[in-house]
Amino acid sequence: MKEEEVNRCQIQVWYPRFKSDSIKTMIHELPESFVEYLTDDHGPFILPLSIDDSDALPNRIHKPEEEEDFEVSEGSEDESDRPSPPPSFPELEKEIKESIKALGGSVFAKLNWSAPKDAAWISSTGNLCCNSFSEVALLLRASDSLIHDLCHAYDSCSDKTISRPPKFFLALRKWYSSLRPEMEFRCFVCNGILVGVSQREVTGFYPALLEKKDELIAIIERFFLYKVKGNFESVSYTFDIYVTNDERVKLLDFNPWGAFTLPLLFSWEELEDKLKEEGNCLEFRIVESQCGVRPGLKTAVPYDYLDTSPGSGWDEFLRKADEELEQQIRSPQAGA
């Protein structure tokens, strides 16, 4: 794998070329100060101070009436014991709020390559839907998988010269609550040939896929031939798609061949051997019975998230959960 192959899979690189066949996305260059905030694993887990508290998760902010809590008495050691003020990114927050509004009020966030899927546990809704800057920041800051983008994107490159890209980008993608997980697929292209297609959500068995298998193969192969082949410069790579109810295909992502990209229902050796087969080597794999279900990726709660002090990640999470619960309790009463 070469650095240029990894770079082509960054969403800010491929999306402009494929936007007509993808999900509506707005991309923002991240200031280095925000990147440092995401990579700071030594300080407390505190959300950025929002410029509009009515639209964000509660923040622990310094209030004048609490001034005595911040005073340093005469003879104290130094001022290092004073609580640090929450970080603030007003310009970035304003841009993100405008994009969220333009995308219908709810978005799915990801960096250059990866999405914070391992951080869904910290969301009060249990998914990656974000309605505010604070919810975006919460998921990004809570994710361990994003460390790959931030620090290790080029680790598998044979010609590695850098440890991170010169710039990071945040992609906000329009959120669709009606998407069906069984209609997402990963496609494997080896030496310019589509050799494999795998069900993307391998933790579930969906009987309907058995009936649509031949139809889906034709739809996906046609999309590859007319939309992807010749328009993406790498020779070997993968791309993720979603097939809609009316048989349209939406391009979701590109990933490099091998390394950190999951082969799902295949192995990389199997996929490479497809080129040795005579005739049409394309194979379409789905979970064909309950026995074929694969376990999901396990993610543990990081130790530093156990901090429940004011302003900590768990403090913000619990406050949000309490608000959601109170709203659910009030809703039936309001409709009674």
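Predicted model: local features only at pLDDT ≥ 70, side-chain atom pairs only at ≥ 80, totals over all residues.

Trainee: In what order do the strands of the open sheet of four lie?

Mentor: The edge strands, each pairing on one side only, are E1 (25-29) and E3 (129-130). The pairing in this open sheet is antiparallel. The order of its four strands is E1-E4-E2-E3.

Trainee: Which residue of E7 is the bridge partner of phenylalanine 188?

Mentor: E5 and E7 pair in the antiparallel sense, over six bridges. For phenylalanine 188, the bridge partner in E7 is threonine 238.

Trainee: Which residue in the turn of the hairpin formed by E7 and E8 has a positive phi?

Mentor: E7 and E8 run antiparallel and are joined by seven bridges; for example, tyrosine 242 has lysine 250 in E8 as its bridge partner. The hairpin that E7 and E8 form has five residues between the two strands. In that turn, a positive phi of about 70° belongs to glutamate 247.

Trainee: Why is E7 described as largely enclosed by the rest of the structure?

Mentor: Consider both ways in which its residues point. Tyr237, Phe239, Ile241 and Val243 point one way from E7, Thr238, Asp240 and Tyr242 point the other way, and all are buried. E7 is therefore largely enclosed by the rest of the structure, the number of its buried residues being seven of seven.

Trainee: How many residues of helix H5 are buried?

Mentor: H5 covers residues 133-142 and is mostly covered. Its buried residues include Phe133, Leu138 and Leu139, and also Glu135 and Arg141. The count of buried residues in H5 is ten of ten.

Trainee: Which element gives the largest share of the lining of the largest pocket?

Mentor: The largest pocket holds about 1,800 Å³ of space. Strands E2 (107-110), E4 (169-174), E5 (184-190), E7 (237-243) and E8 (249-256) are the elements that give two or more residues to its lining. Of these, the largest share, three residues, comes from E8.

Trainee: How many residues of the lining of the largest pocket are charged?

Mentor: The lining has 46 residues, and those nearest the centre of the pocket are Phe108, Ala115, Lys117, Glu184 and Arg200. Domain 1 and domain 2 each give at least three residues to this lining. The residues divide into 22 nonpolar and eleven polar, and the number charged is 13.

Trainee: Is asparagine 191 buried, partly exposed or exposed?

Mentor: Asparagine 191 lies in the loop between E5 and E6, and its phi is positive, near 50°, although the residue is not glycine. Its relative accessible area is 49%. Exposed requires over 50%, so asparagine 191 is partly exposed.

Trainee: Is leucine 264 buried or exposed?

Mentor: Leucine 264 has its place in the loop between E8 and H8, and its phi is positive, near 60°. Its relative accessible area is 13%. Buried means under 20%, so leucine 264 is buried.

Trainee: How far apart in space are aspartate 273 and cysteine 190?

Mentor: Aspartate 273 lies in helix H8 (residues 268-273) and is partly exposed, with a relative accessible area of 38%. In sequence, aspartate 273 and cysteine 190 are 83 residues apart. In space, their separation from C-alpha to C-alpha is 9.9 Å.

Notes
Residues numbered from 1 in each chain as written. Heavy atoms only, no water. 1 Å grid on protein atoms, 1.4 Å probe; cavity = no way out; pocket = protein on both sides within 12 Å on 5 of 7 lines; lining within 4 Å. Points joined across faces, edges and corners; volume = space filled by probe spheres on them. Nonpolar A, V, L, I, M, F, W, Y, C, P; charged D, E, K, R; others polar. Domains from an automatic or database assignment. Buried < 20%, exposed > 50% of the residue type's maximum accessible area, 1.4 Å probe, protein only. Pairing = 2+ DSSP bridges.
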